[in-house]
Amino acid sequence: MNEQENLEIATFANGCFWCTEAVFQELKGVKKVTSGYSGGHVENPTYEQVCAKNTGHAESLRIEYDPQQISFDELLEVFWKTHDPTTLNRQGNDVGPQYRSVVFYHNQEQKEKAEKYKNELDASGIFDAPIVTTIEPFTVFYPAEDYHSNYYKRNPSQSYCYYVIKPKMEKFKKIFGDKIKMPA
């Protein structure tokens, strides 16, 4: 917990961080979202190394949030509903272990909540296949290179943003409209 502002940290991997960063940045109570890499064995990996699929890292998000405004449970709900947790090492056309689905828990409470949500979803039969999302202890987070930050906001007309992220954002806003920040 960041004592200065009483912020807490969540770390998720659920596909391309350009897409997932854009989603979590829009939530009320989320103060900062940083794209980066977690879950691997190479120190300070580069994007190129991670894309080469031999560092073990997943494209991840470090989410700093105010638990008085948004709970970890609400973040988990957004996590589970904005990607396909049944596809191993894949989200849409993005394929490779760097796109795997992971909740990196920071404490026992986060672990228990993530496991409970996953088990309930699996038992519900909502998905046609078993959930492959892993729930792993957080170890280290390496921020991605600066050009990945705010990628969607800075490049809305770039083809990947327009054809992949924009539709995802429209769907997200329909589902979570009550949780979205008001424009400044």
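Predicted model: local features only at pLDDT ≥ 70, side-chain atom pairs only at ≥ 80, totals over all residues.
**View 1. Six helices and eight strands make up the protein.** Along the principal axes, the C-alpha atoms fill a box of roughly 40 × 40 × 40 Å.

**View 2. Inside the fold, 46% of the 184 residues count as buried.** Take the contacts with a separation of 6 or more: residues 24 or more positions apart account for 76% of them.

**View 3. The accessible surface of the protein comes to about 9,500 Å².** Carbon and sulfur atoms hold 49% of that surface. As for charge, you will find 21 positive and 26 negative side chains. The centres of these two sets lie 5 Å apart.

**View 4. Cys16 sits in the loop between strand 1 (8-14) and helix 1 (17-25).** In the UniProt record, an unreviewed entry, the annotation "active site" covers Cys16. Is this residue buried or exposed? With a relative accessible area of 8%, Cys16 falls under the 20% cut-off and is therefore buried.

**View 5. A closer look at Cys16 brings in the residues it touches.** Leaving aside residues up to four places away in sequence, Cys16 touches Glu59, Asp94, Tyr99 and Tyr160.

Methods: Residues numbered from 1 in each chain as written. Heavy atoms only, no water. Helix = DSSP H or I, 4+ residues; strand = E, 2+ residues; numbered from the N terminus. Buried < 20%, exposed > 50% of the residue type's maximum accessible area, 1.4 Å probe, protein only. Contact = heavy atoms within 4.5 Å. Areas by Shrake-Rupley, 256 points an atom, 1.4 Å probe, with all protein chains shown as cover. Lys, Arg positive; Asp, Glu negative; His and termini not counted. Charge placed at Lys NZ, Arg CZ, Asp CG, Glu CD. UniProt positions renumbered as here; feature names shortened; annotations may be inferred.
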